[in-house]
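Here is a short report on a single chain.

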Amino acid sequence: MGIRLRNAKQIVRRILLSSEATSSVPKGHFVVYVGETLKRFVVRVSSLKNPSFQKLLSHVEEEYGFNHPMGGLTIPCSEQVFTTLTACN
(Lines give C-alpha, C1' and ligand atoms only; values in the text may rest on other atoms or scores of the structure.)
Protein backbone atom coordinates (compact mmCIF):
# COMPACT_ATOMS: atom_id res chain seq x y z
CA MET A 1 0.00 0.00 0.00
CA GLY A 2 2.24 2.80 -1.22
CA ILE A 3 1.58 6.38 -2.04
CA ARG A 4 0.05 6.81 -5.45
CA LEU A 5 2.40 8.48 -7.90
CA ARG A 6 -0.30 11.01 -8.81
CA ASN A 7 -0.60 12.07 -5.15
CA ALA A 8 3.18 12.31 -4.85
CA LYS A 9 3.32 14.57 -7.91
CA GLN A 10 0.66 16.82 -6.39
CA ILE A 11 2.68 17.05 -3.17
CA VAL A 12 5.84 17.96 -5.04
CA ARG A 13 3.96 20.48 -7.16
CA ARG A 14 2.81 22.27 -3.97
CA ILE A 15 6.35 22.22 -2.61
CA LEU A 16 7.77 23.61 -5.85
CA LEU A 17 5.34 26.52 -5.70
CA SER A 18 6.78 27.70 -2.38
CA SER A 19 9.04 30.76 -2.50
CA GLU A 20 12.11 28.81 -1.38
CA ALA A 21 11.71 26.23 -4.10
CA THR A 22 11.53 28.73 -6.92
CA SER A 23 14.65 30.62 -5.82
CA SER A 24 17.18 27.94 -4.88
CA VAL A 25 16.19 24.50 -6.18
CA PRO A 26 17.17 23.27 -9.65
CA LYS A 27 14.48 22.30 -12.10
CA GLY A 28 13.44 18.67 -11.65
CA HIS A 29 14.22 18.64 -7.92
CA PHE A 30 12.42 19.32 -4.65
CA VAL A 31 13.46 20.00 -1.05
CA VAL A 32 13.05 17.63 1.89
CA TYR A 33 14.06 18.18 5.51
CA VAL A 34 15.27 15.03 7.23
CA GLY A 35 15.93 13.93 10.80
CA GLU A 36 15.77 15.65 14.15
CA THR A 37 17.99 18.52 13.01
CA LEU A 38 15.94 18.97 9.80
CA LYS A 39 18.92 18.75 7.48
CA ARG A 40 17.99 20.06 4.03
CA PHE A 41 18.29 17.76 1.01
CA VAL A 42 17.56 18.53 -2.63
CA VAL A 43 16.06 15.42 -4.24
CA ARG A 44 15.38 14.59 -7.88
CA VAL A 45 11.71 14.28 -8.81
CA SER A 46 12.61 10.97 -10.44
CA SER A 47 13.05 9.60 -6.89
CA LEU A 48 9.26 9.40 -6.74
CA LYS A 49 9.45 6.34 -9.01
CA ASN A 50 11.56 4.45 -6.44
CA PRO A 51 9.25 2.00 -4.59
CA SER A 52 11.24 2.40 -1.35
CA PHE A 53 10.90 6.18 -1.52
CA GLN A 54 7.18 5.83 -2.21
CA LYS A 55 6.85 3.59 0.83
CA LEU A 56 8.67 6.16 2.97
CA LEU A 57 6.39 8.95 1.71
CA SER A 58 3.35 6.82 2.40
CA HIS A 59 4.50 6.23 5.96
CA VAL A 60 5.19 9.95 6.46
CA GLU A 61 1.74 10.83 5.10
CA GLU A 62 0.03 8.34 7.44
CA GLU A 63 1.97 9.49 10.50
CA TYR A 64 2.32 13.24 9.95
CA GLY A 65 0.35 14.37 6.90
CA PHE A 66 1.81 16.65 4.26
CA ASN A 67 1.29 20.09 5.77
CA HIS A 68 4.86 21.35 6.00
CA PRO A 69 5.31 25.04 6.82
CA MET A 70 9.04 25.14 5.96
CA GLY A 71 8.33 25.05 2.22
CA GLY A 72 9.69 21.55 1.81
CA LEU A 73 8.67 18.08 2.81
CA THR A 74 9.66 17.01 6.35
CA ILE A 75 10.69 13.36 6.69
CA PRO A 76 11.28 12.24 10.29
CA CYS A 77 13.78 9.43 9.71
CA SER A 78 17.52 9.30 10.30
CA GLU A 79 19.75 11.05 7.78
CA GLN A 80 21.65 7.80 7.23
CA VAL A 81 18.48 5.89 6.29
CA PHE A 82 17.42 8.69 3.96
CA THR A 83 20.77 8.97 2.18
CA THR A 84 20.94 5.19 1.76
CA LEU A 85 17.43 5.18 0.31
CA THR A 86 18.05 8.00 -2.15
CA ALA A 87 21.46 6.65 -3.18
CA CYS A 88 19.74 3.54 -4.55
CA ASN A 89 17.85 5.64 -7.07
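Which residues do ring pairs link into a cluster? The model is predicted. In it, ring pairs join Phe-30, Phe-41, Phe-53 and Phe-82. The count comes to 3 aromatic pairs.

**Core.** The largest nonpolar core holds 15 residues. Those that touch the most other members are Val-32, Val-34, Val-43, Phe-53, Leu-56, Ile-75 and Phe-82. β1, β2, α3, β3 and α4 each give two or more residues to this core. The top contributor is α3, with 4 residues.

| Element | Residue range |
|---|---|
| α3 | 51-64 |
| β3 | 73-75 |
| α4 | 79-87 |

Val-34 has contacts beyond its sequence neighbours. Leaving out residues up to four places away in sequence, Val-34 touches Lys-39, Phe-41, Ile-75, Cys-77, Ser-78, Glu-79 and Phe-82.

**Helix pair.** The axes of α3 and α4 lie 9 Å apart, and the helices pack at an angle of about 140°. α3 is therefore oblique to α4. Their crossing is left-handed. From α3, Ser-52, Phe-53 and Leu-56 meet Phe-82, Leu-85 and Thr-86 of α4. Phe-53 and Phe-82 also belong to the ring cluster.

**Loop.** Leu-38 sits between β1 (29-34) and β2 (39-44). Its phi is positive, about 55°, although Leu-38 is not a glycine. Most residues other than glycine have a negative phi. Is Leu-38 buried, partly exposed or exposed? Leu-38 counts as partly exposed because its relative accessibility is 32%.

Conventions:
Residues numbered from 1 in each chain as written. Predicted model: local features only at pLDDT ≥ 70, side-chain atom pairs only at ≥ 80, totals over all residues. Heavy atoms only, no water. Phe/Tyr/Trp six-rings, centres within 6.5 Å; stacked < 30°, edge-to-face > 60°. Buried < 20%, exposed > 50% of the residue type's maximum accessible area, 1.4 Å probe, protein only. Core = buried A, V, L, I, M, F, W, Y, C linked by side-chain atoms within 4.5 Å. Contact = heavy atoms within 4.5 Å. Axes fitted to C-alpha atoms, helices over the stretch in contact; angles between N-to-C directions. Parallel < 35°, antiparallel > 145°, perpendicular 65-115°, else oblique. Left-handed = near helix turned anticlockwise from the far one by under 90°.
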